[in-house]
Structures are given as structure tokens and as C-alpha cells.
2 protein chains.
Amino acid sequence: MAPSTNTFNLATASAQQILSLANIRAVLQRLEDTIVFQLIERAQFAQNAPMYQPGAIKELVEGEGWQASWVEWFLKEVESAHARCRRWSAPDEFPFTDMSLLPKPVLPPVKYPNLLYDHGINVNRRIYEYYRDHIVPTITAKFNAQPTTSSSGTSSSSSSSSQTATADDGQYGSAAVRDAEVLSALSRRIHFGMFVSESKFRSEPQAFLEPIRQRDSEAVLALITKPAVEAALLVRLREKARVYGQDLDQAVALMQQGHGREGEDKDTQRKIEADEVVKIYETFVIPLTKVVEVDYLLKRLEHLSPTQLEAIEAGKGYIEE
Amino acid sequence: MAPSTNTFNLATASAQQILSLANIRAVLQRLEDTIVFQLIERAQFAQNAPMYQPGAIKELVEGEGWQASWVEWFLKEVESAHARCRRWSAPDEFPFTDMSLLPKPVLPPVKYPNLLYDHGINVNRRIYEYYRDHIVPTITAKFNAQPTTSSSGTSSSSSSSSQTATADDGQYGSAAVRDAEVLSALSRRIHFGMFVSESKFRSEPQAFLEPIRQRDSEAVLALITKPAVEAALLVRLREKARVYGQDLDQAVALMQQGHGREGEDKDTQRKIEADEVVKIYETFVIPLTKVVEVDYLLKRLEHLSPTQLEAIEAGKGYIEE
């Protein structure tokens with residue numbers, strides 16, 4: 001009776017099990033829940049703009065020589081702890097901190113099956129920047145005071161909406177814990193695209209030969225994209241954000257005052273808006289995953305042995321080595 | 001339009017704001033969501049019994065001289081990172097690791113208002129043990145194989161249900177990240193009882209004088225317990241666990257097959273059972289919170305100045321100093 005959502009352990013399962021579409025789908029769908037949960041957790045705190053400003057915490061600059069932001073320092077500290085637990089040797093985990101700043105694992109290396117080639121892809125900087133510039137401001141906007149300036153637009157600067165004062169509750173530690181969780185889940189989700197790429201490549205490698213040799217990104221993308229799956233994802237994600245983002249404190253209080261269960265899902269206050277979560281996937285997670293997927297595939301042939309390449313060209317499919 | 005769930009920053013708000021019942025209620029209710037979310041996150045992995053067995057990871061014993069469990073080592077690593085960010089100097093944060101094993105903060109100390117007296121209370125060992133022995137086995141039971149032994153009870157040992165083989169998916173790192181989150185949320189929730197105690201003591205200190213002097217725990221408890229509030233909490237918690245614990249992957253898939261929204265909340269697979277979450281609060285969180293609340297109050301008078309005590313005895317209420 002093991003539930004279908006239990007996913008494989010990358011260290012002990014076979015490459016075939018891990019790269020099965022059923023496993024990949026289970027991982028990606030489960031990560032949707034995690035991302036929605038952790039976004040909701042972050043959204044309980046204000047934007048706290050200084051958390052993301054390089055050099056804003058003078059003690060870190062003076063005492064630690066740390067020129068980047070508070071959140072980046074917090075990530076480094078937590079990722080150092082995880083490095084000692086060998087998190088970053090797993091093929092589906094990528095740190096935000098430069099590996100040269102992280103300590104060596106205390107535990108001996110794990111022998112993983114051959115899953116991805118040695119790709120060197122890490123888009124965490126782009127994830128961090130989008131998170132800081134778009135996701136945090138959006139999900140915390142409810143805490144901001146209404147702008148007090150008139151709409152004439154003649155004040156000192158109208159170049160950017162970031163000129164509006166944003167809310168600060170001073171809870172930089174608690175908010176950074178949440179930031180690290182959201183970023184980690186987004187990173188795992190987006191980089192997991194490489195497992196999709198590898199899985200699809202192995203299942204019909206011959207189809208990829210010409211597009212990759214032509215460096216035809218569009219054609220490569222077409223081979224791994226299923227618009228119907230993407231549409232279903234967005235419907236599912238909207239439902240998750242709608243359900244999990246409810247503020248049940250209000251809903252239950254209404255029920256207890258005799259308003260019945262219909263209090264749920266009315267236009268009471270919400271913890272997060274479903275539209276916002278869907279937009280994060282539509283405008284950021286899905287497109288960046290595609291970039292990762294295509295970048296990974298464009299160099300895939302360079303990492304085949306002559307025997308593997310020959311087999312593919314002869315229409316004999318992918319041979320595991 | 002700042003939402004009511006935004007809670008106060010302990011470093012910048014006044015003691016009166018922080019100890020207001022509205023703020024305390026908001027913190028406790030918000031923590032219910034966090035606890036439910038993080039329990040669901042942990043429940044995606046198997047029990048992984050060796051994670052909690054002292055000395056089970058031989059590399060930690062040999063390389064680090066660490067005799068305790070993997071999870072305790074992971075907690076130490078993460079709590080060390082948080083120590084450098086001065087988390088444990090906050091009056092509502094308590095590490096699971098002995099403070100002597102944690103590094104000093106890199107950031108200078110924060111000046112908090114006078115909230116709690118210097119109490120030295122930390123029940124995290126009890127939280128860890130209950131979590132390990134009851135919560136993890138319960139929320140991960142769905143992964144365990146059906147017992148293969150007959151019900152005759154004559155096998156080698158029938159002394160404990162822990163004799164049944166429990167599931168292990170080998171994902172000790174990912175599961176430990178979740179353990180640390182659940183434990184941290186439970187710890188904050190349970191220790192926050194001291195804020196309840198302090199708040200109620202300050203609002204009617206005279207009522208506490210005799211019970212405390214008599215060391216009458218029952219009477220002290222009666223002064224801070226509201227059965228109606230507790231009953232409402234359990235109703236609210238059940239609703240949160242019911243709603244957030246749904247497996248929407250199945251529900252949405254049914255909807256997309258034309259079954260309409262009624263697919264939600266049917267007897268599809270769930271991520272967590274509402275009964276289990278309610279039981280955790282009923283049998284553990286609420287009773288242990290009361291222990292903390294009463295222990296805190298029983299020594300409250302020793303931490304009053306003569307002026308404060310005099311004022312209370314004269315019926316003039318609590319004077320902040």
C-alpha cells in the first residue's frame with residue numbers, strides 16, 4: 001500500500017526507475033505543494049527590503065567582510081551546514097553559494113547511478129534575482145502601506161515602482177529561514193528539468209540527433225514540451241494555491257459563529273493569491289526550466305561514448321553504460 | 001490594509017504589544033498552519049528509523065565522535081548556522097542542541113524589551129523524544145508494509161509495535177531538513193506558552209499570588225486555561241489539517257476527467273490524516289504547553305522587585321520596570 005507519491009532515492013534506485021516519467025512526474029507534482037507551502041510561509045512576513053541589499057547589514061561587512069546581502073549570508077551559513085551533510089553531491093541539489101565557500105562533506109561520498117552527465121549547469125543566481133525582485137515583492141505586497149504620493153508622477157523619481165516604500169517588520173531571521181526554503185524548492189524544481197531532458201533523450205535518442213547537431217534550440221524544445229501537460233500543471237497549481245492559500249482562521253471562526261462551511265473560500269483574507277502563484281510558474285519557473293532543459297540537451301552528444309553514439313545512429317536506442 | 005495576522009517584531013515592539021492577547025493569538029494560530037504544513041512535508045518521506053538511532057551512522061561516530069543520532073547531528077549543524085545569525089538570543093527561540101556546542105553569534109546582541117524573566121526552561125528534549133517515538137511513526141505509517149506475521153502474537157517478541165519493520169526510503173537528508181522544521185515549529189509553539197503565562201500574569205497578577213505561594217499547580221493552571229478556547233483550537237486545527245492535507249494531484253486529475261469539483265475531499269489518498277494532527281495537539285502539544293506555562297508561573301514571584309510585589313499585593317496591578 002505504498003502511496004504512489006513516494007519517490008525514489010537517487011542513491012539506491014536504478015537509473016531507469018529514477019528517470020521513469022512516473023517518478024519524474026511524482027517529484028515535480030510534489031514540489032508544487034512544497035513551493036506553494038513555502039511561499040505561504042514567506043508571505044507571513046513583510047518584504048523587508050534591506051534583507052536583500054548588498055552591504056546593508058554593516059556588522060556583516062565589518063566583522064565578516066561580507067559584501068553581499070543578509071539573505072545571501074544566511075544561505076551561505078545554512079548551505080554550509082548542508083554541505084557537511086553532503087547535500088550538494090546529490091545530482092538534484094544545487095547550492096546558491098559558490099562551492100568554494102562551502103566546507104567539505106563530513107560523510108563519505110554516495111555512489112549514485114549514472115543519471116546526468118557532468119553538466120556544470122546552475123541557474124541559482126537567476127533564481128535568486130527573480131525571487132528577490134519579483135516574487136518577494138508580489139507575495140508581501142499586502143503589507144505595504146498605500147502609496148501616499150499623488151498620482152501626478154512628478155515626485156523626485158518615477159522610474160520604478162521600487163520607489164514606493166515597502167513594509168519592514170524587522171523579522172529578518174524568520175523571513176530568511178523561509179527564503180532559504182522557497183529558493184531551495186524552486187532550485188530543485190527548475191534543475192529537475194535536466195532529469196526530464198535525460199529521460200526523454202534516453203527514450204528516443206535518435207530524434208534528438210539532428211536538432212542537437214544543428215544547435216536548433218526550438219526543435220530540441222519541441223521534442224520535450226507537451227503543451228497539454230503544461231496546461232494541466234497550471235490548472236493543478238491554481239487549485240493548490242487556491243486551497244492551501246486560504247486563511248482558515250477566518251473561515252473557521254465564521255463557521256463557529258454559525259455561518260456553515262460555506263464560509264470557506266469566500267472572499268475572506270487569503271494568505272496568498274492563486275493568480276500570483278500561477279504567474280510565478282507561467283512567467284518564471286516553466287520558462288527557466290526550459291532553458292535548463294535545452295542547455296542540458298545541446299551538449300548531450302558530447303557525453304556519449306562512441307559505442308552509445310553508434311547505437312543511437314543505428315536506431316538501436318540508448319545503451320546504459 | 002496591513003493584515004491582522006502580521007505579528008510583532010520582538011526586538012522593536014513594546015512589551016505591551018507583544019504580550020497582548022491579540023498578538024499571542026495571531027502567533028499561535030499562524031503556527032498551527034506552519035506545523036500542519038511542515039508535518040505534511042515530513043510525511044512525504046518514510047519513517048527511516050536509523051535516522052533517530054544513536055550511533056547508527058558510523059561515519060559520525062568515527063569521524064566526528066558523535067554518539068547521538070543523525071537527526072540530532074543535523075539539528076546541531078543547522079542550529080549552529082542559526083546561532084551565528086543570533087537566533088537563540090530571541091526570547092521565543094530555543095535550540096535542541098546544547099548551547100555549549102553552538103558557536104557565538106556573528107551579529108551583535110539585540111536589545112529586547114522585558115518580556116519573560118530569565119527562566120531557563122527548555123523542553124526540547126521531551127519534544128524530540130515524542131516526535132521521534134510517536135509523531136514520525138504515525139505520519140509515515142502509510143509507507144510501511146503490512147505486517148507479515150500472523151496475529152497469533154507468539155513470534156519472538158510482541159512487547160512493542162516497534163518490532164514491526166518500518167519503511168526506509170534512504171532519504172535521510174531531505175527528511176532531516178523536514179524534521180528540523182517540524183521540531184522548530186513545535187518548539188516555538190510550546191514555549192510560546194510562557195508568553196501566555198506572562199500576559200495573563202500581568203493582566204491580573206493578584207489572582208496568581210496565592211496559588212503560586214501555595215505551589216498549587218492546579219489552581220495556577222485553572223487561571224490560564226480556557227476550555228472553550230481549547231475546543232475552538234481543535235476544531236480549527238482539524239479543518240486546517242483536513243484542507244491542507246488533501247492530495248490535490250488526484251483531486252485535480254479527477255476534475256480534469258470531468259468529475260467536477262466534488263472530487264476534492266472525497267476519500268482519495270491524503271497527505272496527512274486530520275485525526276493524526278488533532279491527536280498530536282490533544283495528547284502532546286497542549287498538555288506540554290501547560291507544563292511549560294505552569295512551570296514558568298510557579299517561579300514568577302521570585303522575579304518581581306519589592307516595588308512590583310508591593311503594588312500587586314496592594315491591588316494596583318503589574319508595574320513594568
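## A pocket and an interface

Reader: Which elements each supply at least two residues of the lining of the second largest pocket?

Author: Helix H4 (70-84) and helix H6 (172-191) of chain A do so, together with H2 and H6 of chain B, where helices are DSSP runs of H or I with at least four residues, numbered from the N terminus. This is a predicted model, in which local features need pLDDT of at least 70 and side-chain atom pairs count only at pLDDT 80 or more, while totals for chains, interfaces and linings use all residues. Residues are numbered from 1 along each chain as written, chains are lettered from A in the order written, and side-chain values use heavy atoms, without hydrogens or water.

Reader: And which one gives the most to that lining?

Author: H2(B) gives the most, with 6 residues.

Reader: What volume does the second largest pocket have?

Author: The volume is about 950 Å³, taken as the space filled by probe spheres set on the grid points, which are joined across faces, edges and corners. A pocket here is an open set of points on a 1 Å grid over the protein atoms alone where a 1.4 Å probe fits, with protein on both sides within 12 Å along at least five of seven lines, and lining residues have an atom within 4 Å of a point.

Reader: Which lining residues are closest to its centre?

Author: Of 44 lining residues, A:Gly170, A:Gln171, A:Tyr172, A:Gly173 and A:Ser174 are the closest to the centre.

Reader: Switching topic, how many residues does each chain bring to the contact?

Author: Chain A and chain B bring 65 residues each, with contact meaning heavy atoms within 4.5 Å.

Reader: How many salt bridges are there between chain B and chain A?

Author: There are 14, each a side-chain nitrogen of Lys or Arg within 4 Å of a carboxyl oxygen of Asp or Glu. One of the salt bridges joins the side chains of A:Arg178 and B:Glu181, at 3.1 Å from N to O.
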